[in-house]
Amino acid sequence: MNFDNYIFDFDGTLANSKQCSIEATKEAFAQFGLSEPSDADIVHYMGIPIEKSFIEMSDRFLTEDALNQLLQLLRKKKQVFVVSSKKTEVLLRNLDHLGLGRFIKEAIGSDKVTRYKPDPDGINYIIQNHHLNPARSIYIGDAIHDIQMAKAAGIKSCGVTWGAFDAKALLRENPDYILNEADEINTIL
């Protein structure tokens, strides 16, 4: 099925930020004298805002060129959005830093929603404010929380295996699509 509206996660989907997130989380915990969570725990909570995940945790790489080609292809005929657990200001700065901001119609961070992933507030905001047809929209992310959020919003879901979660974990959430390589996005265009 072809879609008109593509809503992406940021960390682990559009940007390979896994190792950076692991190291930053461990450093933050160490600075506050908390026991450092394991890599596995940090990865498990990726995709959830730190305001929630830090509480819970206490006591294949995309090249920039491949990503730009993917987004240019989408932008020609499709609408592209981002829903992330990052704060909107940080998200916009990261998108611009990577040269992706020009491809995105709107980016929604955790500060623009009342409830965080896997709650569908971010997707619902985009669907409602841009008058999108949910049946023609898909959310693409690397975390189980992304798949859960898409399902809760009543739109199609696509898991990508180059981010935080492996294919087995994503498949347990029964996504509508699963991609192992960026160029496989052609299958859902």
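Helices (H or I, at least four residues) and strands (E, at least two) are DSSP runs, numbered from the N terminus. Two strands pair if DSSP finds at least two bridges between them. This is a predicted model: local features need pLDDT of at least 70, side-chain atom pairs count only at pLDDT 80 or more, and totals for chains, interfaces and linings use all residues. Residues are numbered from 1 along each chain as its sequence is written, and side-chain values use heavy atoms, with hydrogens and water left out.

**The chain as a whole**

- The chain has eight helices and six strands.
- Along the sequence, their pattern is β-α-α-α-α-β-α-β-α-β-α-β-α-β.
- The chain has 189 residues, and 49% of them are buried. Buried means under 20% relative accessible area, exposed over 50%, and partly exposed in between (1.4 Å probe, protein chains only).

- Strand β4 covers residues 137–141. Five of its five residues are buried, so the strand is largely enclosed by the rest of the structure.
- Ser 137, Tyr 139 and Gly 141 point one way from β4. Ile 138 and Ile 140 point the other way.
- Strand β1 (residues 5–8) pairs with β4 in the parallel sense, over four bridges. Here Phe 8 stands opposite Ile 140.
- Strand β5 (residues 156–160) also pairs with β4 in the parallel sense, over four bridges. Here Ile 140 stands opposite Cys 158.
- Lys 156 belongs to β5. Its relative accessible area is 34%, so Lys 156 is partly exposed.
- Lys 156 and Arg 136 are 20 residues apart in sequence. In space they are 8.4 Å apart, C-alpha to C-alpha.

**Aromatic pairs**

- There are two aromatic pairs in the structure. Rings of Phe, Tyr and Trp (its six-membered ring) pair if their centres lie within 6.5 Å; planes under 30 degrees apart count as stacked, over 60 as edge-to-face and the rest as tilted.
- Phe 3 and Tyr 6 make an edge-to-face pair, 6.2 Å centre to centre with 85° between the planes.
- Phe 3 and Tyr 177 make an edge-to-face pair, 6.1 Å centre to centre with 90° between the planes.
- Phe 3, Tyr 6 and Tyr 177 form one aromatic cluster.
- Phe 3 has 0% relative accessibility, so it counts as buried. Tyr 6 has 0% relative accessibility and counts as buried. Tyr 177 is at 21%, so it counts as partly exposed.

**The largest cavity**

- The largest cavity has a volume of about 80 Å³. On a 1 Å grid over the protein atoms alone, a cavity is a set of points where a 1.4 Å probe fits but cannot get out; lining residues have an atom within 4 Å of a point. Grid points are joined across faces, edges and corners, and a volume is the space filled by probe spheres set on the points.
- The cavity is lined by 15 residues. Val 83, Ser 84, Val 113, Tyr 116 and Lys 117 lie nearest its centre.
- The lining has six nonpolar, five polar and four charged residues. Ala, Val, Leu, Ile, Met, Phe, Trp, Tyr, Cys and Pro count as nonpolar, Asp, Glu, Lys and Arg as charged, and the others, Gly among them, as polar.

Terms used. 1 Å grid on protein atoms, 1.4 Å probe; cavity = no way out; pocket = protein on both sides within 12 Å on 5 of 7 lines; lining within 4 Å.
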